[in-house]
Amino acid sequence: MSVGRSGTALRALLLVSVVVSGIGLISCGGGPASQSVTVLGPWTGEEESGFRAMTRGFEQATGISVDYIGTRDADAVLASELKNGNPPELAVLANPGELRQQAAAGTLVPLDGVLDQARMTTEYARGWLDLMQANGRGGRHYYAVIVKAALKSAIWYAPKRLPPAARAALTSPSLTWSGLSRLTATLAATGTAPWCIGMEDTSNSGWSGTDWVEDILLHQAGPQFYDRWVAGSLPWTSTPVRRAWQTFGTVAGARGRVRGGLRSMLSTNFGRAGQPMFDTPPGCFLEHQGSFITGFYAQHKLPSTTGGGHPRPGRDFAFVPFPPIAAAGQGSKEVAGDLLGMFRDTPAARKLIAYLTTPAAQAAWIKRPGSSAISVSRRVPPGDYPDPVSRRLAKNLAATREVRFDASDSMPRVMATAFNRAVLEYISDPARLDVLLRQLDRVRRVVY
Amino acid sequence: MTTTGAAVAARAGNRRAATASTRDLPAGSTPSRLRRMLVLVLATTVMSCAVATALTLGRRDTVMSVRDRTSLAFLAALEAHAVLSDADRAVWASLRSGEAQLVGPGQDYQDDITTAGQDLAQLAALEGTGGVTSRQLQTVNGQLVNYQGLVGQADATYRSGAASGSQTAGRNALGYAYLRYASKALRDPQGGLLARIDELAAVNRRTLSDQRAASWTSPWILLAYAGVALPLLGYLVYSQALLRRRFKRTVNPPLVLATALVVGVSIWLAAVSFRADQAFTRAHDVALARLTGVWHTETRGADAAARELRAGIRGDSPGPRNAAAKASRGVEVAATQPARRELDSQLATAADSGGLLIALPLVAVATAGLAFLGLKRRLDEYRA
């Protein structure tokens with residue numbers, strides 16, 4: 001080897017070292033940091049897939065990655081993270097009561113500068129816009145967006161499993177609570193419990209019972225009493241509220257009316273409670289549940305003796321509106337919605353929250369077969385819904401004269417939690433109703 | 001090549017050197033060649049030392065990162081999962097055995113929750129703040145608080161039923177219902193507490209695999225060292241041959257010693273690298289896998305016991321209690337210790353640089369000094 005060649009080799013070696021070092025520095029330093037936004041929410045399973053479908057277009061369009069953390073205990077987790085002073089950028093709020101509380105405390109970021117308010121006003125009904133607002137520091141502002149909505153005043157049944165006479169009675173346009181009570185008594189006489197009820201939802205267990213009490217109160221006493229009760233001005237021990245509980249007791253506390261009795265009711269998950277409707281012979285016939293339950297029905301596997309597969313909307317399950325109990329409650333509907341708020345103001349979070357209000361984002365979730373999501377945006381056309389049941393639900397929601405948001409979702413969080421617990425206590429021992437209502441009133445006096 | 005050089009080489013009887021020099025010797029004066037060789041030897045010595053040190057440090061840092069961070073985080077997640085599974089078993093056993101009337105969820109439950117809290121605190125310290133993992137950890141902590149709240153609610157309901165003596169069946173049913181909610185919050189495969197902890201474990205497991213596959217820990221990376229050490233040896237041998245031809249001296253002791261040092265330190269480096277690679281492979285593929293298996297076995301035992309205890313509830317009553325509760329066996333952390341010691345031992349061996357970090361600069365200085373000594377004497381002869 002010549003010295004000249006050695007010199008060339010040495011230079012080459014040094015050059016390689018410099019290049020390698022350069023590459024190392026570049027890789028260590030990295031390019032511009034990729035943006036991401038963390039979202040905490042209660043959606044798991046099919047609902048989580050729906051939300052991810054909703055954000056996929058956003059991720060593709062902006063390059064911002066959405067880190068979604070889904071847990072049924074999102075409320076408890078958010079409360080813990082707020083206490084630690086380290087909440088995620090975006091989180092689904094437990095209810096409008098929580099929205100008002102967090103807005104007043106200044107932990108939520110106002111969205112007035114994030115949302116296209118002129119567009120929102122044309123696309124959303126006044127009632128939904130009101131739900132997104134709250135009084136915070138410096139006045140009333142937008143603090144959340146509604147990701148999806150649900151109709152709660154619905155009774156679900158399996159058309160193929162319900163005896164023809166019962167089906168005719170149930171689907172009659174003139175169905176009332178008395179008629180429904182007669183129908184359930186007839187069904188109970190066959191030896192099969194008419195109602196499917198499941199209270200379990202980990203830390204939120206009991207809410208499916210609160211939905212019963214709320215719907216009964218709305219359809220029995222009417223929207224005015226309902227509003228006073230939600231606002232904390234109508235005592236729990238008042239006659240309308242007590243009567244609503246007692247009416248619920250005629251279903252949950254009566255022997256032979258609920259599949260599996262007390263223990264089953266307490267330990268069955270709300271998402272699985274209705275599955276025996278599809279069995280042969282059916283384990284129960286009716287379920288009072290929000291429209292989101294169709295997402296759970298669609299995951300259930302039908303017995304192979306009936307052809308297998310999954311229940312299909314219209315063919316295997318359908319709904320009737322919750323019937324009026326008294327004239328005051330005629331034409332009212334209870335609804336719910338998932339509110340997403342911003343706890344940490346970042347450019348990525350702003351972009352995502354603005355995107356979620358667009359018709360394209362809203363349609364991405366509702367279009368998914370079996371998603372059960374309903375959009376409250378007027379610009380989402382009925383044709384975007386994937387099945388006749390979803391279309392009917394959306395139409396029902398749009399056509400209702402008196403819409404009331406889920407009462408427990410509108411109450412302060414502590415009141416809502418006490419309501420959930422009281423329902424569980426009431427089911428386990430209906431004789432304690434007076435004690436429970438007095439305890440709930442004590443909570444009401446403290447939290448309102 | 002010069003004819004004189006070929007003749008000197010032939011006379012010395014070194015045919016191979018002669019052939020090489022016949023082909024490679026450049027034109028130019030001898031002093032200038034000697035100076036060039038000195039520069040090349042010194043430069044490649046510095047580079048060899050730098051590359052060998054970088055390789056040793058890179059491997060040691062990777063192994064230490066595994067030993068002091070990733071494997072600890074992974075094992076903390078495994079332990080947290082195991083003890084929380086055991087907490088679920090313990091609280092069911094306490095209620096089923098009737099102990100709960102006096103001691104609530106029981107000492108095992110308290111111990112498990114304390115251990116899980118320590119594991120999560122260790123994970124938080126290892127993961128640092130910011131990033132997705134840190135966020136997941138916060139969620140896990142929130143879920144743990146929620147789980148404890150549900151167990152507390154179950155305990156309170158159960159005890160109030162036992163104390164009142166009236167409507168005990170309904171209260172018992174509600175107490176057990178709360179405990180089922182707690183178990184569900186813990187075990188829900190979709191976003192439950194254990195599922196979240198498993199995600200954290202999976203993140204660290206992937207990092208461990210990446211670290212195992214990292215080039216720093218592969219013996220093939222020694223080729224990078226060979227890329228600079230072989231030219232150094234070549235220059236040293238060539239210098240020796242040049243001196244033999246030009247100065248008719250068979251051996252230049254300083255150059256021979258420098259060559260021996262380079263060969264020696266290369267063998268040392270290779271030996272340490274191969275030993276570290278073997279230890280790292282055993283740590284990752286054997287010890288860690290065994291330890292993971294032990295944790296999973298312990299966890300499955302607690303899961304099965306908890307399942308049996310939950311399944312024993314009939315109607316509103318606790319069913320045939322005591323038998324299942326007494327039979328339930330908790331997680332035994334001691335069972336993991338042998339595998340843990342094996343892992344620690346293998347990682348300690350893999351992280352051991354075998355004194356190279358001290359030896360490499362010393363050898364480099366010695367090699368450079370000897371080369372300088374060996375060549376400078378001949379250069380001085382020219383000056384004289």
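Lys148(A) and Glu47(A) meet in a salt bridge, with their closest N and O atoms 2.9 Å apart; the term stands for a side-chain nitrogen of Lys or Arg within 4 Å of a carboxyl oxygen of Asp or Glu. This pair ties together distant parts of the chain, since Lys148(A) sits in strand β6 of chain A and Glu47(A) in helix α2 of chain A, 101 residues apart. Helices (H or I, at least four residues) and strands (E, at least two) are DSSP runs, numbered from the N terminus. Over all chains, a search of the whole structure finds 35 salt bridges.

Before going further, a word on the ground rules. The model is predicted, so local features need pLDDT of at least 70 and side-chain atom pairs count only at pLDDT 80 or more, while totals for chains, interfaces and linings use all residues. Residues are numbered from 1 along each chain as its sequence is written, chains are lettered from A and ligands numbered from 1 in the order in which they are written, and side-chain values use heavy atoms, with hydrogens and water left out.

### The two domains of chain A

Chain A splits into domain 1 (13–151 + 335–406) and domain 2 (154–332), with bounds that come from an automatic or database domain assignment. Taken over C-alpha atoms, the centres of domain 1 of chain A and domain 2 of chain A are separated by 30 Å. Their contact (heavy atoms within 4.5 Å) takes 21 residues from domain 1 of chain A and 29 residues from domain 2 of chain A.

Between them, domain 1 of chain A and domain 2 of chain A bury about 2100 Å², 52% of it on carbon and sulfur atoms. Buried area here is the accessible area (1.4 Å probe) that two parts lose on being put together, summed over both. In domain 1 of chain A, the residues that lose the most area to domain 2 of chain A are Arg72(A), Val389(A) and Arg404(A), together 27% of what that side buries.

Across this domain interface of chain A there are two salt bridges and eight residue pairs in polar contact, both residues at pLDDT 80 or more. A polar contact is a pair of N or O atoms within 3.5 Å; within protein, one must be able to donate a hydrogen and the other to accept it, and residues adjacent in sequence count only if both atoms are side-chain atoms. On the side of domain 1 of chain A that touches domain 2 of chain A, the elements giving two or more residues are α2 (45–62), β6 (144–151), α16 (388–399) and β11 (402–405) of chain A. Of these, α16(A) gives the most, with four residues. By class, that side has six nonpolar, four polar and eleven charged residues. Here Ala, Val, Leu, Ile, Met, Phe, Trp, Tyr, Cys and Pro count as nonpolar, Asp, Glu, Lys and Arg as charged, and the others, Gly among them, as polar.

### Where chain B meets chain A

In this pairing, 38 residues of chain B are in contact with 42 residues of chain A. Chain B and chain A bury about 3500 Å² between them, 58% of it on carbon and sulfur atoms. Three salt bridges are counted between chain B and chain A, along with 13 residue pairs in polar contact (both at pLDDT 80 or more). The side of chain B that touches chain A draws two or more residues from each of α3 (30–97), α6 (131–164), α7 (168–187) and α9 (222–247) of chain B. By class, that side of chain B has 17 nonpolar, twelve polar and nine charged residues.

Here are the salt bridges named in this report:

| Salt bridge | Closest N to O distance |
|---|---|
| Lys148(A) and Glu47(A) | 2.9 Å |
| Glu200(A) and Lys184(B) | 3.2 Å |

### Loops worth a look

The whole structure holds one disulfide over all chains, counted as a pair of cysteine sulfur atoms within 2.5 Å. Cys196(A) and Cys284(A) form the disulfide, with their sulfur atoms 2.1 Å apart. The link of Cys196(A) and Cys284(A) is right-handed, with 105° about the S-S bond. Cys196(A) lies in the loop between α8 (177–189) and α9 (207–220) of chain A, and Cys284(A) in the loop between α12 (261–267) and β8 (286–288) of chain A, 88 residues apart.

Thr202(A) is found in the loop between α8 and α9 of chain A, and has a positive phi of about 40° although it is not a glycine. Pro281(A) lies in the loop between α12 and β8 of chain A, and the peptide bond from Thr280(A) to Pro281(A) is cis, with omega near -5°.
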